[in-house]
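I opened my notebook to look up a few things in this structure. Here is what I wrote down, entry by entry.

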Amino acid sequence: MTRIQKTLAVLAIGGSALVAGAPAFAQAAAPQAPAPAAATAPAAPMLTIRQVYDKMEAAGYRNISEIERSSKHGYEVKAYDPQGQRVKLYVDPQTGAVTRSRFDD
């Protein structure tokens with residue numbers, strides 16, 4: 001065996017030992033923190049469009065003309081508020097609470 005082959009063999013054996021011992025060292029050196037409760041709790045089911053409609057109507061909104069699912073805001077709803085103003089509402093998809101509203105043109 002040449003000197004280069006012996007060096008490569010030693011490096012290969014040493015590298016294998018390091019890789020095999022790395023997981024045990026990582027577990028001993030860094031204790032695992034418990035997972036946050038939000039990460040382990042299942043997500044609340046999403047409301048249906050009919051449920052969102054019923055919640056908006058119960059809150060006093062009338063002439064609800066459009067309810068769309070939005071990836072950013074949950075649901076987007078176009079309706080008239082109790083004062084008769086045309087509004088666009090952003091509704092939480094799990095609770096049905098209005099998270100934001102603005103006057104609609």
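**Entry: a facing pair.** I began with Glu68, which stands opposite Glu76 in E2. The strands around this spot, E1 and E2, pair in the antiparallel sense over 6 bridges. For pairing I went by the rule that DSSP must find at least two bridges between two strands. E1 and E2 form a hairpin with 3 residues between them. My element names are DSSP runs numbered from the N terminus: helices (H or I) have at least four residues, strands (E) at least two.

**Entry: ground rules.** I noted that this is a predicted model, where local features need pLDDT of at least 70 and side-chain atom pairs count only at pLDDT 80 or more, while totals for chains, interfaces and linings use all residues. Residues are numbered from 1 along each chain as its sequence is written, and side-chain values use heavy atoms, with hydrogens and water left out.

Entry: Is Glu76 buried or exposed? I found Glu76 buried, because its relative accessible area is 18% and buried means under 20% (exposed is over 50%, partly exposed is in between, with a 1.4 Å probe and protein chains only). Glu76 sits in strand E2, residues 74-80. E2 is mostly covered, with 5 of its 7 residues buried.

Next I listed what Glu76 touches, counting contact as heavy atoms within 4.5 Å. Leaving out residues up to four places away in sequence, the list is Glu66, Ile67, Glu68, Ser70, Lys88, Leu89 and Tyr90. Then I looked for polar contacts: pairs of N or O atoms within 3.5 Å, where within protein one must be able to donate a hydrogen and the other to accept it, and residues adjacent in sequence count only if both atoms are side-chain atoms. The Glu76 side chain makes one with the side chain of Ser70, at 3.4 Å. Another polar contact, also listed at 3.4 Å, joins the side chains of Glu76 and Lys88.

**Entry: salt bridges.** How many salt bridges does the structure hold? I got 3, taking a salt bridge as a side-chain nitrogen of Lys or Arg within 4 Å of a carboxyl oxygen of Asp or Glu.

- Glu76 and Lys88 meet through their side chains at 3.4 Å, N to O. Glu76 is in strand E2 and Lys88 in strand E3, so the pair ties together parts 12 residues apart in sequence. Both residues are buried.
- Lys78 and Glu66 form a salt bridge at 4.0 Å, N to O. This pair links distant parts of the chain, with Lys78 in strand E2 and Glu66 in strand E1, 12 residues apart. Lys78 is partly exposed at 22% relative accessible area, and Glu66 is partly exposed at 27%.
- Asp54 and Arg50 form a salt bridge at 3.3 Å, N to O. Both lie in helix H3, 4 residues apart, about one turn of the helix. Asp54 is partly exposed at 35%, whereas Arg50 is exposed at 53%.

**Entry: the other hairpin.** I followed E2 onward to E3; the two run antiparallel and are joined by 6 bridges. Ala79 stands opposite Val87 in E3. E2 and E3 form a hairpin with 5 residues between them, and Gly84 in the turn has a positive phi of about 90 degrees.

Entry: Most residues other than glycine have a negative phi. Asn63 is not a glycine, yet has a positive phi of about 50 degrees. I placed Asn63 in strand E1, and Asn63 is exposed, at 59% relative accessible area.

**Entry: the core.** Which residues make up the largest nonpolar core? I counted 12 residues in all: Leu47, Val52, Met56, Tyr61, Ile64, Ile67, Tyr75, Val77, Ala79, Val87, Leu89 and Val91. By definition, a nonpolar core is a set of buried Ala, Val, Leu, Ile, Met, Phe, Trp, Tyr and Cys residues joined through side-chain atoms within 4.5 Å.

**Entry: the whole protein.** Of the 105 residues, 21% count as buried.
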